[in-house]
Amino acid sequence: MNIAFYPYWAAKTLLSLINVIYIMVITTFIYGQTGSVFYAAMFPFIQMSARIVAGLTTPLLVNRFAFSKLIISIPLAKTLMITGIAIAFTDLTAHIPLLLVGTAILSFLDGWESPLINTLTPRLVQGEDLVKANSFLSFSTQTVTIIGYAMTGFIVMHWGASQTFWAATSLSWAVLLLMITISSLTHDIQEKVEKSTSRWDVLREGWLILWKNRSLRLITFMDLVEGLAGSIWIGAITLAFVKEALGQEEGWWGLINSSYSAGTILGGILAIALASRIQKHLISSMAIGSLLFSLLTIAYGLNSLPWLALVLCVLMGPAYQIRDIAQQTAFQSSVPVEFLSKVYAAHGIVLSTAMSISTVVFGLIADQMGVRLVYLIGGALFIISSLCSFRLNRIKE
């Protein structure tokens, strides 16, 4: 693999850890200072809204500036912004609206950065190494995310919110140095700034590619369906299932999350070991992984035995990882690299919108018709996605 992949791997892993620390510190801080669920809920809402707006404007940015400049300038702006919040953190205790404004700007920059970062994978890795690269990235980001969520609350309790936020700030400077390293190692990659006839043409370019490319259109539909189904794993619904369906207390909620996390890590290791086979059978791997995950989800929804729920969660991890890595690789392989950031921006808007809607819908279903039905609907949606994988296989032939 390209030598620049390794600092990129480190940077993307650190970005996942920073995101976890940032979310947990800000959420716990806002709730601790205000005692208001509304203010605490405003944080993820602002994050999502800012990222959607950023995704809509990303094509204009990519069309105007060279990629090599953007992968340094945006992380620099993010790092300066997060450093400013860290410096003013104590003063913001009495000005929560100002803190929310700061997080909105940071989320907006993150919405610009995310599609550009994702574009780096196929820029740095080609051919048979692409599945292996996605496997390594998925394994490391999932692992640090799990560790981050497990440890950040403990660290905040002992260090305090301000000191923990400074840890995220320090990691942001490390990411900036890694991005500068990546830029210097890839300076020989030829690139050009596209000049479209109008802003409207620029804004719709990624959407048109998503729609006109049959493979991309189907993969995006699969991601949309899975995004709708993915909300069944949010904390409130999982906790309700533990209490209502399994008849257990909050402690089992932690065990369920830990079991799924363990399965995800095992799945990442398995995907790395099977990378060459997944690459050769990309669509089949996607279909089988999705079908297994859907069947395990339905079995989980019908189950009433706590120990069996833990086993099913562990088994879900490998199925999810293989499906996700194969699907990500198929997506990257279907788009010319020079258009990938615009397509990723459009794709991200679709997923963010789907997840935000499904969170509300599944919450209402759980309240009105029972939490078991939520998992059965989620399993059915995953089955629809797996059937689409078989359709995709016919398109590819």
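Me: What makes an axis here, and how are angles between axes taken?
Reply: Axes are lines fitted to C-alpha atoms, for helices over the stretch in contact, and angles run from 0 to 180 degrees between N-to-C directions. The model is predicted: local features need pLDDT of at least 70, side-chain atom pairs count only at pLDDT 80 or more, and totals for chains, interfaces and linings use all residues. Residues are numbered from 1 along each chain as its sequence is written, and side-chain values use heavy atoms, with hydrogens and water left out.

Me: Why are α7 and α8 called roughly perpendicular?
Reply: The axes of α7 (residues 199-212) and α8 cross at roughly 95° and come within 5 Å. Angles of 65 to 115 degrees count as roughly perpendicular, and α7 and α8 are therefore given that name.

Me: Which residues of α7 and α8 meet?
Reply: Contact means heavy atoms within 4.5 Å. Ile209, Leu210, Trp211 and Lys212 in α7 meet Arg214, Leu216, Arg217 and Thr220 in α8. By class, this contact has 4 nonpolar, 1 polar and 3 charged residues.

Me: How do α8 and α13 pack?
Reply: α8 (residues 214-230) and α13 (residues 306-333) pack at about 145°, with their axes 10 Å apart. Their crossing is left-handed, a term for a near helix turned anticlockwise from the far one by less than a right angle.

Me: What makes a nonpolar core?
Reply: Such a core is a set of buried (under 20% relative accessible area, 1.4 Å probe, protein chains only) Ala, Val, Leu, Ile, Met, Phe, Trp, Tyr and Cys residues joined through side-chain atoms within 4.5 Å. The largest one has 48 residues, and Tyr8, Ile26 and Phe89 are among those that touch the most other members. Its largest share, 11 residues, comes from α1.

Conventions
Helices (H or I, at least four residues) and strands (E, at least two) are DSSP runs, numbered from the N terminus. Angles under 35 degrees count as roughly parallel, over 145 as roughly antiparallel, 65 to 115 as roughly perpendicular and the rest as oblique. Ala, Val, Leu, Ile, Met, Phe, Trp, Tyr, Cys and Pro count as nonpolar, Asp, Glu, Lys and Arg as charged, and the others, Gly among them, as polar. Buried means under 20% relative accessible area, exposed over 50%, partly exposed in between (1.4 Å probe, protein chains only).
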